[in-house]
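Subject: Structure handover

Hello,

Here is the structure for you to look through. My notes follow below it.

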Amino acid sequence: MWLAACTGRRHTSTVANAAFSSYFFHNGQWLASKSTAPSRPQLLRLNQPVSPRVPTAAFKKVEISSPSQLLGIYAQLSKPHLSILVCLTAMGGVALSPLPTTVPTLLSTAIGTALCASSANALNMLQEVPFDAQMARTRSRPLVRKAISPLHATIFAVATGVAGPALLWTMVNPTTAILGLSNIVLYAGIYTWMKRKSIWNTWVGAIVGAIPPAMGWTACGGQLFPSISSFPLFLPEFLPSSPVDISVLDSPLAPFVLPMLLFSWQFPHFNSLSYFVRGSYAQAGYRMLSVLDPRKNALVALRHALLLTSICSILVPLSGLTTWAFAFTSLPPNLVCVQAAWKWWQQGGEKQARVVFRHSLWYLPLILGLMMVHKQGVDWLQWIGVREKKKETVDTNLSLNAVNARS
């Protein structure tokens, strides 16, 4: 009795579903049948998937990408804005080094660093296709919109990942090549994996951003760990104990102050960016501090804004990379950024986060430019010919020439 009732209900449901599904078929199929209820063979046919007969002309032919289009796709896989920033910070390490460099070394460092960054970014995209498809800001990436196949993108990532370190190894030095390879592993491996596991992914990403300036320093022949027993510091000139005869290369701080600057800069920059796109990160399942604890996210940005002020006002001049004038000229932009980060932490609004982000965009090029203006041992007025050399320097050169002539 119960079985019969269930069977009846099932038949009624099937008939109802069939009646509903009939709206999606051509009415001509009912002309041969006069009964109101579909027969069992008709029900079986309705449950089978129907392949519509579409003419071949209705399909769009997939076009092969032209060389220019393919280069554009490669550029998108490389995340051009991020790769350009990596190259500029690496060149900052070259520019601030007291050691001379050659044009081939300079070009090889720039190209090798760009290839390493391209490989890391492409490998990152390959792993995040399902998550990029869920976020509005990343839905137009090449792998998401299927502008390039995963196999093709993998070949590009492997080729650039091999070519970059190989170029740095042969044309620059092994230390720079190892740093470039480690950046690929950190970004495409550890950082990408940690984005869905722990909020500490941001700190790993900051290390990735701090390595390129160290690559620029080592590309010129500078050592990461100078082999000296003392710890010389470039104190202000008005102090009687300030060193006179030491070189910037003797300072253990010199190789690290620029990476420290880039490390701390990324927190006001990225934390503010991640705050006003936190909805996308939450939708894709990324464990970001801006999603899990927005107030602490702003606090971390404020801490590093204060740390940037200390790095510029104390550590950079102490390292000898710049004169102590940099401590004063870099103070106004640092105070502007600290004030913006303080307001964001106090008020916690998206408007304040956008202000911090905009400040971070002009802050880095301005600070790097000021470091070049106040570079230790460089007189730019004399370099461009506006100011003549000091008389003591000229007399010294004349004396040395006379000694050489006698000998």
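**What was found**

Of the 407 residues in the protein chain, 42% are buried; buried means under 20% relative accessible area, exposed over 50%, and partly exposed in between (1.4 Å probe, protein chains only). This is a predicted model: local features need pLDDT of at least 70, side-chain atom pairs count only at pLDDT 80 or more, and totals for chains, interfaces and linings use all residues. Residues are numbered from 1 along each chain as its sequence is written, and side-chain values use heavy atoms, with hydrogens and water left out.

The protein chain has 18 helices and zero strands. Both are DSSP runs numbered from the N terminus: helices are H or I, at least four residues, and strands are E, at least two.

The protein chain exposes about 23400 Å², by the Shrake-Rupley method with a 1.4 Å probe. Carbon and sulfur atoms supply 66% of that area.

Contact means heavy atoms within 4.5 Å. Among contacts with a separation of 6 or more, 72% join residues 24 or more positions apart.

The unreviewed UniProt entry annotates "transmembrane region" at residues 147–169, 175–194, 206–226 and 305–326. Such annotations may be inferred rather than shown by experiment; positions follow the numbering used here, and feature names are shortened. Residues 175–194 are 100% helix and 0% strand, with end C-alpha atoms 27 Å apart. Residues 206–226 are 67% helix and 0% strand, and their end C-alpha atoms lie 24 Å apart.

Last, N334. It sits in helix α15 (residues 331–347). N334 is buried, at 1% relative accessible area. Leaving out residues up to four places away in sequence, N334 touches L308, T309, C312, Y363 and I367.

Best wishes
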